[in-house]
Amino acid sequence: MSMWLRSCQTSTVTLRGFRCPHSKPAAVTRCCSTVQGDVRVRFAPSPTGFLHLGGLRTALYNYIFAKKYAGSFILRLEDTDQSRLVPGAAASIEDMLEWAGIPPDESPRRGGPVGPYLQSQRLDLYSQTAQQLLKTGHAYYCFCSPQRLELLKKEALRNGETPKYDNRCRHLRAEQVEEKLAFRVPHVIRFRLESGIEPFQDLIFGWNRHEVEGDPVVIKADGFPTYHLANIVDDHYMKISHVLRGSEWLISTSKHLLMYRALGWQPPTFGHLPLLINKDGSKLSKRQGDIFIHSFQSDGFLPEALLDITTNCGSGFNTNRMGRRIDELISEFNPSKITTHSALIDLEKLPEFNRIHLQQSIEDEQQCRLLIGELQEQIQQVYATELEDEEVLHEDYIRRVLHLRKGHIFSMKELLSPAYAYLWVRPSFSSQQVAALTAEAQHIASLVLKLIEERGEELAVDRLSKDLKTLVKQTKATKYSEVMKLLRLALSGLQQGPSVAEMMVSLGPAEIRHRFQKLLLL
């Protein structure tokens with residue numbers, strides 16, 4: 001079956017991947033692409049922690065790639081490091097992918113034709129593959145103790161060398177191996193690296209070749225596989241066509257290709273994504289705390305804003321602009337435009353991305369209804385004992401507030417802050433506050449009530465702004481600024497916020513009357 005065809009003028013070999021119309025003089029050959037056939041990609045995190053921004057970006061590029069080429073996006077959890085598993089992380093990873101709007105087609109939760117999708121439930125498959133490697137002479141039992149391996153490491157570091165296994169157990173005779181196994185001597189299984197590492201063409205980094213030092217462990221002493229074995233076994237049996245993963249795995253790919261060759265399997269096409277790093281060039285770290293997706297969620301950021309900023313700072317798209325939603329990211333995706341440069345993310349810009357996407361969501365009727373539902377619940381939680389009028393929970397009221405504030409607020413959480421409390425609860429203010437502004441408070445309140453009576457139920461910000469300027473002319477000694485301060489005080493109990501006209505339109509005629517009648521009583 002034809003996959004992602006790749007052929008270069010300098011070679012007569014056709015491989016799955018890019019089709020290059022010409023070779024470039026640069027060290028890295030970049031290619032353009034066409035994808036045909038069954039595309040299957042996977043995101044394979046370890047539940048030793050919760051999903052963070054770097055992981056979301058890797059998942060996102062896999063999701064976009066799958067949807068661009070009518071393929072399948074698989075979530076596989078690599079939970080073989082049992083000692084480091086974090087309770088709840090496995091479920092949370094899938095929760096966050098669903099929240100972000102990039103749900104897997106196959107996963108531990110959803111199931112699928114090539115499950116199970118938890119590595120800890122596939123141990124027999126890894127054991128069978130390891131036995132196959134042992135039978136063909138491509139692997140061997142290693143009985144070296146952890147103490148001996150630690151000594152080798154210290155010796156190498158002392159000599160300024162890269163620590164590596166010295167392949168001692170490669171040379172054990174068959175009877176020695178049988179004797180140690182019979183006495184249940186603790187052991188691992190190592191893959192026998194052979195010479196003849198061939199270069200491979202990475203979809204992003206071009207031609208690559210990395211020397212491999214020391215025979216790697218493929219089955220640990222506890223019977224669990226290492227990443228190196230488990231990931232190629234799973235990619236093979238899950239029929240993965242393209243492996244898109246972080247560039248930190250680039251140096252391991254030569255090793256993985258040797259294992260594919262030893263097993264007689266066709267490897268997938270590899271593409272290694274450049275790192276996502278902080279704007280100062282430092283590496284994103286889980287220790288930062290604020291890069292976990294559930295933190296962004298609880299802080300009120302929209303998933304669309306996160307997807308937008310993580311692609312905006314990188315590459316792989318025909319255009320680069322703020323405000324793109326997932327369908328636009330898919331349509332504009334062009335894998336040949338992914339560069340090898342690290343992507344610098346500036347999280348200080350995230351509020352602006354969120355503002356743009358919040359405005360888009362408010363303008364979309366279906367999305368707006370979801371926002372209204374969320375806000376209704378949150379208002380009741382935050383202001384449960386203070387609500388005096390159920391009208392503020394009405395769908396039409398909240399929709400009016402959202403449409404008036406769109407483009408001005410950076411998150412929905414802002415509407416629950418004290419600055420916007422006047423929208424949900426009636427403000428309190430004193431006669432002293434009023435007296436400090438004007439002696440005409442009752443006269444001004446009467447003028448406002450008369451104005452609202454004349455305007456009826458339909459209020460508009462522009463018209464009210466003009467009306468208020470006219471109203472000020474009917475006062476005797478109160479300046480425009482003082483009148484506005486008085487109206488703002490009566491409406492919100494505050495001295496800053498949206499325009500007075502907008503406040504009035506938000507609250508509506510009935511509530512305006514209630515608040516200015518209170519001012520009359522003062």
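Two strands count as paired if DSSP finds at least two bridges between them, and helices (H or I, at least four residues) and strands (E, at least two) are DSSP runs, numbered from the N terminus. The model is predicted, so that local features need pLDDT of at least 70 and side-chain atom pairs count only at pLDDT 80 or more, while totals for chains, interfaces and linings use all residues. Residues are numbered from 1 along each chain as its sequence is written, and side-chain values use heavy atoms, with hydrogens and water left out.

**Strands 10 and 11**
- Strand 10 (residues 242-246) runs parallel to strand 11, to which five bridges join it, and Arg245 stands opposite His272 in strand 11.

**Helix 18**
- Eight of the eight residues of helix 18 (residues 500-507) are buried, among them Glu502, Met503 and Ser506.
- The elements covering these buried residues include helix 13 (395-405), helix 15 (441-455) and helix 19 (509-521).
- Gly508, which follows helix 18, has a positive phi, near 90°.

**Contacts of Leu56**
- Leaving aside neighbours within four places in sequence, Leu56 is in contact (heavy atoms within 4.5 Å) with Leu51, Ala100, Ile102, Ile293, Leu306 and Leu307.

Key
Buried means under 20% relative accessible area, exposed over 50%, partly exposed in between (1.4 Å probe, protein chains only).
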